Amino acid sequence: MTCVYKRNKTVISQFLLLGLPIPPEHQQLFYALFLAMYLTTVLGNLIIIILIILDSHLHTPMYLFLSNLSFSDLCFSSVTMPKLLQNMQSQVPSIPYAGCLAQIYFFLFFGDLGNFLLVTMAYDRYVAICFPLHYTTIMSPRLCVSLVVLSWVLTTFHAMLHTLLMARLSFCEDNVIPHYFCDMSALLKLACSDTRVNEVVIFIVVSIFLVFPFALIIMSYVRILSSILKVPSSQGIYKAFSTCGSHLSVVSLFYGTVIGLYLSPSSNNSTVKDTVMSLMYTVVTPMLNPLIYSLRNRDIKGALERIFCKRKIQLNL
């Protein structure tokens, strides 16, 4: 344990991350698995971002939000995965105090950014299905850019608030975090100063930044479902469901794991459960999102085919 002594008070300069509960004989196998998952996440999200930039057919509000979501997923996974992979190969899996605060900030920032972008995408689908004739008027370029900028500003405020509140806490002798990253709840248990302000702010802000966006998404899809059921043709119903299917899958993955982690009752093996559930939304969800959008989205498939065909024509010339 590395400590600094100031006025007879022990101050932590680094934390030890216990990591994942993996037996030593399986360590290399899981290292290879997580490395493959991380590379898939990076490659998949980069492909979607590049396709949206290169193909003019994808320069629409929906794909503006999707490109930002892909960037958010890529960065969100990158906040924890490289450090996890490094610590799996290290004899002393540690993280500096400043590095821990930085990880908290970016974890909250990109996690919240994905959350708000899912809300904007739900609103986009609501307008597209419920007001198709007025879609281009309502979802103007100015409104779309404003929604993206607002998402970035709100997440900056939220992440900075929690990081500054965490920085004011004192950490004494115990510096072992039973997790693979600097989780806020785990750090609060290690603090030797009063954490009541942090806990109250977390409760209030989570209610606003997680529950409220989730409620907006639910309301949007209730209206969408009501509008779909009024469509007389089966072709119209199929088109509406195919348009929303990808987004609904991503919403279910994101909120299902987060709600399962933070709202389910704790048990004796809550540490193991928290770690596994955290892996779901920090590793699995960012990896699956590009697959969901590419496999279930004709526009993405079409953009990929157009770019490959253009590349083939250029090579032939």
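Visitor: At roughly what angle do the axes of helix α3 and helix α5 cross?

Guide: In this predicted model, helix α3 takes up residues 97-130 and helix α5 takes up residues 141-167. Their axes come within 8 Å of each other, and the angle at which they cross is roughly 150°.

Visitor: How are α3 and α5 oriented relative to each other, roughly parallel or roughly antiparallel?

Guide: The crossing of these two helices, α3 and α5, is right-handed, and by class their contact has 18 nonpolar, 7 polar and 1 charged residues. An angle over 145 degrees counts as roughly antiparallel, and the axes of α3 and α5 cross at roughly 150°. The two helices, α3 and α5, are therefore roughly antiparallel.

Visitor: Within what distance do the axes of α5 and helix α7 come?

Guide: Helix α7 covers residues 196-229, and its axis crosses that of α5 at roughly 165°, so that α5 and α7 are roughly antiparallel to each other. The crossing of α5 and α7 is left-handed. Their axes come within 10 Å.

Visitor: How many charged residues are there in the contact of α5 with α7?

Guide: On the side of α5 the contact with α7 includes Leu-154, Phe-157 and His-158, while on the side of α7 it includes Val-197, Asn-198 and Phe-209. Sorted by class, the contact of α5 with α7 has 10 nonpolar and 3 polar residues, and the number of charged residues is none.

Visitor: Is the crossing of α1 and α2 left-handed or right-handed?

Guide: Helix α1 (residues 27-54) and helix α2 (residues 61-88) have axes that come within 9 Å and cross at roughly 160°, which makes α1 roughly antiparallel to α2. By class, the contact of α1 with α2 has 19 nonpolar, 7 polar and 1 charged residues. As for the sense in which α1 passes α2, the crossing is left-handed.

Visitor: Which strands stand at the edges of the sheet?

Guide: The sheet is an open one of 3 strands, with mixed pairing and the order β4-β3-β5. Each edge strand has a single partner strand, so one side of each is left without a neighbour in the sheet. The strands at the edges are β4 (94-96) and β5 (176-177).

Visitor: Which residue of β5 stands opposite Leu-16?

Guide: Strand β3 (residues 14-17) runs parallel to β5, joined to it by 2 bridges, whereas β3 and β4 pair in the antiparallel sense over 3 bridges. Leu-17 stands opposite Ile-177 in β5, and Leu-16 stands opposite Ser-94 in β4. In β5, the residue opposite Leu-16 is Val-176.

Visitor: At about what angle to β4 does α3 run?

Guide: Helix α3, whose residues are 97-130, lies across the strands β3, β4 and β5. Relative to β4, helix α3 runs at about 85°.

Visitor: How far apart are the end C-alpha atoms over residues 200-225?

Guide: An unreviewed UniProt entry carries the annotation "transmembrane region" for several stretches, among them residues 101-123 and 200-225. Over residues 101-123 the model is 100% helix and 0% strand, with the end C-alpha atoms 33 Å apart. Over residues 200-225 the chain is likewise 100% helix and 0% strand, and the distance between the end C-alpha atoms is 36 Å.

Terms used:
Residues numbered from 1 in each chain as written. Predicted model: local features only at pLDDT ≥ 70, side-chain atom pairs only at ≥ 80, totals over all residues. Heavy atoms only, no water. Axes fitted to C-alpha atoms, helices over the stretch in contact; angles between N-to-C directions. Helix = DSSP H or I, 4+ residues; strand = E, 2+ residues; numbered from the N terminus. Parallel < 35°, antiparallel > 145°, perpendicular 65-115°, else oblique. Left-handed = near helix turned anticlockwise from the far one by under 90°. Nonpolar A, V, L, I, M, F, W, Y, C, P; charged D, E, K, R; others polar. Pairing = 2+ DSSP bridges. Contact = heavy atoms within 4.5 Å. UniProt positions renumbered as here; feature names shortened; annotations may be inferred.
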